[in-house]
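Good morning, and thank you for making time for this item.

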Amino acid sequence: MSSSPLSKKRRLSGTETKTESHCSSNSLATDLSHTPANGMAKNGSDAEIDEGLYSRQLYVLGHDAMRRMQNSNVLICGARGLGVEIAKNVILGGVRSVTVQDQGVAEWRDLSSQFYLREEDLGMNRAEVSQPRLAELNNYVPVTSYTGALTEDYLAKFHVVVLTNSSLEEQQQVGDMCHNKGIKLIIADTRGLFGQLFCDFGEEMMVQDTNGEQPLSAMISMITKDNSGVVTCLDEARHGFESGDFVTFTEVQGMTELNGCQPVEIKVLGPYTFSICDTSSFTEYVRGGIVSQVKMPKKIAFKSLSSSMAEPDFLMTDFAKFDRPGQLHLGFQAIHAFQKKHSRLPVPWKEADGEEFLSLAKEINSAQLGSAKLEELDEALIKKVSYIAAGDLAPVNAFIGGLAAQEVMKACTGKFMPILQWMYFDALECLGEEDSMLTEEDCAPRNCRYDGQISVFGTKLQDALAKQCYFLVGAGAIGCELLKNFAMIGLAAGDGEVIVTDMDTIEKSNLNRQFLFRPSDVTKMKSDTAAAAVKQMNPSIRITAHQNRVGPDTERVYDDDFFESLNGVANALDNVDARMYMDRRCVYYRKPLLESGTLGTKGNVQVVIPFLTESYSSSQDPPEKSIPICTLKNFPNAIEHTLQWARDEFEGLFKQPSENAMQYLTDSKFMERTLKLTGAQPVEVLEAVYKCLVTDYPHSWKDCVTWARNHWQCQYNNNIRQLLHNFPPDQLTSSGAPFWSGPKRCPHPLEFSNSNELHIDYIMAAANLFAQTYGVQGSNDRTGVLKILQEVKVPTFTPRSGVKIHVSDQELQSSNSSIDDSRLEELKAQLPTHESSHFKLCPIEFEKDDDTNFHMDFIVAASNLRAENYSIPPADRHKSKLIAGKIIPAIATTTSAVVGLVCLELFKIVQGHKKLESYKNGFMNLALPFFAFSEPIAAPKHKYYEIDWTLWDRFEVTGLQPSGEEMTLRQFLDYFKNEHKLEITMLSQGVSMLYSFFMNAAKLKERLDLPMTEIVTKVSKKKLGKHVKALVFELCCNDLTDQDVEVPYVRYTIR
């Protein structure tokens, strides 16, 4: 759970007063610096960053960039679907202020993507209506609406200006003003399935960090003396540097001239080597050293809009459409020209307008002077631009809006590489696969909220969308964005239904990107809250919220009937296991799956189509590297190691012992299970239970402080002294090399001091957590704790000989530790009896996001004290929380863009696209910026005899015979022999082996004439639920030539 909820209720009274139609300069100035009524701090140079709210985004941007954002005033012009999407993301991001400018009123076509307009707002100014709804997104960001003109004086108040839904004349006029005044400009536009972005951040833009990756570091094994010295790194892992990177050095022995040197540029020679500057005059290298990458600022010069129009630089979004950007650069100019000439956009799918539009585009092309001039126009493409230019699609706005908002953040902060300078995007694959033209009549406005979408796809798709039944798994960041898009496009707005499930409650840190939630929703269920919020956006959407986890436990809820009624599934999950499970369910029920995920500025989309593509589980990421046990126990060399050690300490002190002790007291089988454990584990577990219930049992707060002080002494002094007794600082290995070198850092013991803040932090956290496990009242009184500490007598410690310390994990595994039987018997006799009911222990589950529970206080202190033991630079609380809490960095911009792409794939699924090349899997990294689209991988084909099959195929076997009897195992085996010419050699269901050719004769005889379901219940020792209609059997088979063949699974229907 999060710490204190934000104090603002879902307040409409104070914020929903209409701003005046023309903000004067001084009223704007007041607005930009007001403190919200709830007393929360404003953004600005003196503002503290609310880490509880911005925590996940801070891991993407960092504190410096966040502070720069908090000093930036942003103007967003145009409050249609694209404008409000950009505004939403920028407000969530936490700039100083946002002003939304629009002189237009809400029309029917706006409702297809403007999620803060409602039907009752038609005819009202879009900016004024949207302002109070946008203002609720983030209490730190004042939001103002403005309905006046964009004068030079007015623009001068802003650091960044975004133009959407703007004429070419206005773009050029504002572009020149901004370029001359040093105001950063972004132009964003969407027209149906086409999108456009342009950035001008001035002639001297400094980018502080071009990629947002953590600086790399590596340990050194050798540096040569040469006119370009060669550095060799330890071969534990590749260094990962690139030529042109800058690095600096620490802890080098011998060639000390390098320590703390100015950043030097490197040239990579191999995976473990690179060259640096002239080292020929330096002292001889002896040993050791760490090389660390340094992020160097990069200066970028942008051209103004007018000069960039003629000489455009394009960022590619899809390498399969290499010539598209140049064509669309002209296409968008032709839209402006057509609109200027007729005061309207081309009529959707009108042939005559398409012809006129094409000739306008040709005129514009022949008038071009610079590199923008094309040798030939793609006439079919230009006509398509004309046919769908009047369209307004929520998913395209989500994609372009996410990107544009990220560019705003880049403009404010200098963090990440901006788009240089034009970017075009299209999703024409969403149109029908048969190149049959829609008619003007199909796409004519109906004066309904989907007009912007009907003008692109016609009414047929609209009707189909309304009937869809979709299962959305997860209502977090991706889930919220999906629901918003579903509501806008009219998914399940008729006879269909969206079922959304999420078992989580809302926490404060969610509010920064899960935009359907408000501060007053903290502690409520995500799925209920999200469903209610999208009902406000489109009252027609039929949506049902569940609070179930998906998995084997809920298969009686999400059963055959449930899945068979679905048209598809959208995953919005945050872990691979649940994704794999849903993927298996979709393959089994043959339902399309929309899969997506984000990690900071990176995002991916995968579409899984039955009988066409591979499934999500077909390919997997390599497993994460784990830290060797001996590194954690005795030889840490990085803060990650001490943080993992601290997490293990937390579990081993405050969770596992009390869990085991309570099991010992309440579960009669506990002792039996423990004695069956391997190696020395039985003694270790019972020792921990004995300590927990006898030797360490506290009766007062004073006992808890005493325990914490003694544990501090043990971990940071005694154990280190014992390690140094076994391996003294000058110890040599058998080959004569220093033992303490390379990845092994020589530690030193710490001496406890009552005046050392970190030492007392540790005692406070450890004593409070220890007290909590025993139900003893804790305390926040540091002075009282210092008094108790003065009275604690710490036992003296002398390192002992004969203590075995393992140097490597191999050594640890091969040291077959034997059971000390006498100690085991002693423990069994000494443990208190089960009747001792006065024990009430409470194991603690680690929770990183509550700043009052001492969990992170303990982790930070425990890790940094151990880091001090080994002279590893410490980590602040923010970084410690990221690593120890395994937090996934996240930002609203990436989520918005990824989900836009997901919903474009949804259009294709609902239309029933059949061609693999129509679908697009996507990957993006907004920091670089980089985009890659590819057609999904086809489902791999397998073969037995002359029959091709893929993961989507199976054998269908009906268990009930015409006689009403169920098939026996003998009949099942015969069925495959006769029908498919396959001899089954092994047959299993889940983890239960039902039949194998090597089964003993008596067991086989017993099973052959039993019905299949009876064998399943007998072997698995589980009854089949009434909801189970079919079973899945896995087969191993031989063909007629006795060759082993791979075959599909069996779906065995029993009801």
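I shall begin with the chain as a whole, then turn to its nonpolar cores, and close with some details of the backbone.

Please bear in mind that this is a predicted model. The chain has 1055 residues, and its radius of gyration is 33 Å; a compact globule with that number of residues would have a value near 31 Å, so the two agree. Along the principal axes, the C-alpha trace spans about 95 × 90 × 65 Å. The secondary structure consists of 34 helices and 33 strands.

How far apart in sequence are the residues that meet? Among contacts between residues at least 6 apart in sequence, 74% join residues at least 24 apart.

Of the 1055 residues, 56% count as buried. As for charge, there are 108 positive and 136 negative charges, and their mean positions are 3 Å apart.

Let us now look inside. In soluble globular proteins, nonpolar side chains tend to be buried together. Here, the largest nonpolar core contains 167 residues, and V161, L193 and F486 touch the most other members. Helix α31, residues 892-911, supplies the largest share of this core, with 12 residues.

Which residues does L193 contact, leaving aside its neighbours within four places in sequence? Its partners include I388, L393, V396, F425, L431, F457 and L904, and D426 is also one of them. Apart from this core lies another, of 73 residues, whose members include I760, V792, F854 and L865.

That brings me to the backbone. Most residues other than glycine have a negative phi, and most peptide bonds are trans. F854 has a positive phi of about 70 degrees although it is not a glycine. F854 lies in the loop between α28 (821-830) and α29 (855-869). Is F854 buried or exposed? Its relative accessibility is 15%, and F854 therefore counts as buried, the cut-off being under 20%.

E251 likewise is not a glycine and has a positive phi, of about 60 degrees. Its place is in the loop between β10 (246-250) and β11 (264-265). With a relative accessibility of 39%, E251 counts as partly exposed.

Finally, the peptide bond from L928 to P929 is cis, with omega near -20 degrees. P929 lies in the loop between β24 (921-925) and β25 (930-934).

Thank you for your attention.

Key
Residues are numbered from 1 along each chain as its sequence is written. This is a predicted model: local features need pLDDT of at least 70, side-chain atom pairs count only at pLDDT 80 or more; totals for chains, interfaces and linings use all residues. Side-chain values use heavy atoms; hydrogens and water are left out. Helices (H or I, at least four residues) and strands (E, at least two) are DSSP runs, numbered from the N terminus. The radius of gyration is taken over C-alpha atoms; the globule rule is 2.2 Å times the number of residues to the power 0.38. Buried means under 20% relative accessible area, exposed over 50%, partly exposed in between (1.4 Å probe, protein chains only). Contact means heavy atoms within 4.5 Å. Lys and Arg count as positive and Asp and Glu as negative; His and the chain ends are not counted. The place of a charge is taken as NZ of Lys, CZ of Arg, CG of Asp or CD of Glu. A nonpolar core is a set of buried Ala, Val, Leu, Ile, Met, Phe, Trp, Tyr and Cys residues joined through side-chain atoms within 4.5 Å.
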